[in-house]
Amino acid sequence: MVCLCKNNINFWKEFFEYYSIQIELLFNCEEKLILRNDHSLVSKGNFKFEELKKYPVVQSFEPNTDFPNFDTEIELLRYKEFPKIIRPGESSIIYGLLQTTDCIFFATTDLYVADFFPGLVSYPMPDALSSIEWGHYIIYSKNRALTKIEKDFIKFMQAACRQSNS
């Protein structure tokens with residue numbers, strides 16, 4: 001599964017087509033703010049962008065990749081506003097930081113966050129931060145037939161995403 005910014009989807013469609021990669025949309029989601037459910041911002045309810053700058057922000061990135069990442073440029077524009085940025089280097093560390101600190105995180109979806117991390121909640125982006133729409137896709141090679149297990153996996157993912165979005 002890949003997550004692609006809707007602003008760059010035309011580039012990615014051409015890129016995948018060139019390399020004979022099939023792309024199928026699972027769901028779209030506007031970016032969310034993820035934080036722990038007892039964070040001081042949660043009790044406040046409605047908060048402004050300026051208030052977010054008081055808290056460390058966790059930045060997700062994949063440093064060891066050969067693929068172009070235009071989405072990182074979008075993130076860099078957003079993160080330049082924050083004086084405290086934590087770059088854990090591994091995505092598995094992000095949710096632990098969120099559960100145990102006052103850190104905040106900009107996520108491309110909140111799909112199953114509360115199920116897997118009960119101490120976390122998600123919020124729509126504050127008004128001053130323009131929300132970015134993300135598409136979550138399954139990709140696979142057009143040059144090889146999918147196995148039954150792969151087809152079942154794709155059907156399972158599609159059903160799980162439909163169920164979660166309803």
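A: Buried here means under 20% relative accessible area, exposed means over 50%, and partly exposed is what lies in between. Keep in mind that this is a predicted model.

Q: With that cut-off, how many residues of β3 are buried?
A: Five of the five residues of strand β3, residues 32–36, are buried, so the strand is largely enclosed by the rest of the structure. Both of its faces are covered, with Lys-32, Ile-34 and Arg-36 buried on one side and Leu-33 and Leu-35 buried on the other.

Q: Which sheet order includes β3?
A: The order is β5-β4-β6-β3-β7, in an open sheet of five strands with mixed pairing. The edges are taken by β5 (85–86) and β7 (120–124), each of which has a single partner strand, so one side of each is left without a neighbour in the sheet.

Q: And how does β3 pair with β6 and with β7?
A: With strand β6, residues 104–107, β3 pairs in the antiparallel sense over three bridges, and there the bridge partner of Ile-34 is Phe-105. With β7, β3 also pairs in the antiparallel sense, over five bridges, and Leu-35 has Val-121 as its bridge partner in that strand.

Q: Parallel or antiparallel for β4 and β5?
A: Strand β4, residues 57–58, and β5 run parallel and are joined by two bridges; the bridge partner of Val-58 in β5 is Ile-86.

Q: How many bridges between β2 and β8?
A: There are nine bridges between β2 and strand β8, residues 133–141, and the two pair in the antiparallel sense. Within that pairing, Ile-23 stands opposite Ile-139 in β8.

Q: Changing topic, what is phi like at Ser-20?
A: Phi of Ser-20 is near 55°, which is a positive value in a residue other than glycine. As background, most residues other than glycine have a negative phi.

Q: Where does Ser-20 sit?
A: Ser-20 is in the loop between α1 (9–18) and β2, and its relative accessibility of 23% is why it counts as partly exposed.

Q: Now the rings. How many aromatic pairs are there?
A: The count comes to nine aromatic pairs. One of them joins Tyr-18 and Tyr-19 edge-to-face, at 4.9 Å centre to centre and with 85° between the planes. Tyr-18 is exposed, with a relative accessible area of 66%, whereas Tyr-19 counts as partly exposed at 48% relative accessibility.

Q: What about Tyr-95 and Phe-105?
A: Tyr-95 and Phe-105 form an edge-to-face pair, with 6.2 Å centre to centre and 75° between the planes. Because Tyr-95 lies in helix α5 (residues 91–100) and Phe-105 in strand β6, the pair ties together parts that are ten residues apart in sequence. Phe-105, the bridge partner of Ile-34, counts as buried at 7% relative accessibility.

Q: Which residues do ring pairs link into a cluster?
A: The cluster consists of Phe-11, Trp-12, Phe-15, Phe-16, Tyr-18 and Tyr-19, linked by ring pairs.

Notes
Residues are numbered from 1 along each chain as its sequence is written. This is a predicted model: local features need pLDDT of at least 70, side-chain atom pairs count only at pLDDT 80 or more; totals for chains, interfaces and linings use all residues. Side-chain values use heavy atoms; hydrogens and water are left out. Two strands pair if DSSP finds at least two bridges between them. Helices (H or I, at least four residues) and strands (E, at least two) are DSSP runs, numbered from the N terminus. Buried means under 20% relative accessible area, exposed over 50%, partly exposed in between (1.4 Å probe, protein chains only). Rings of Phe, Tyr and Trp (its six-membered ring) pair if their centres lie within 6.5 Å; planes under 30 degrees apart count as stacked, over 60 as edge-to-face and the rest as tilted.
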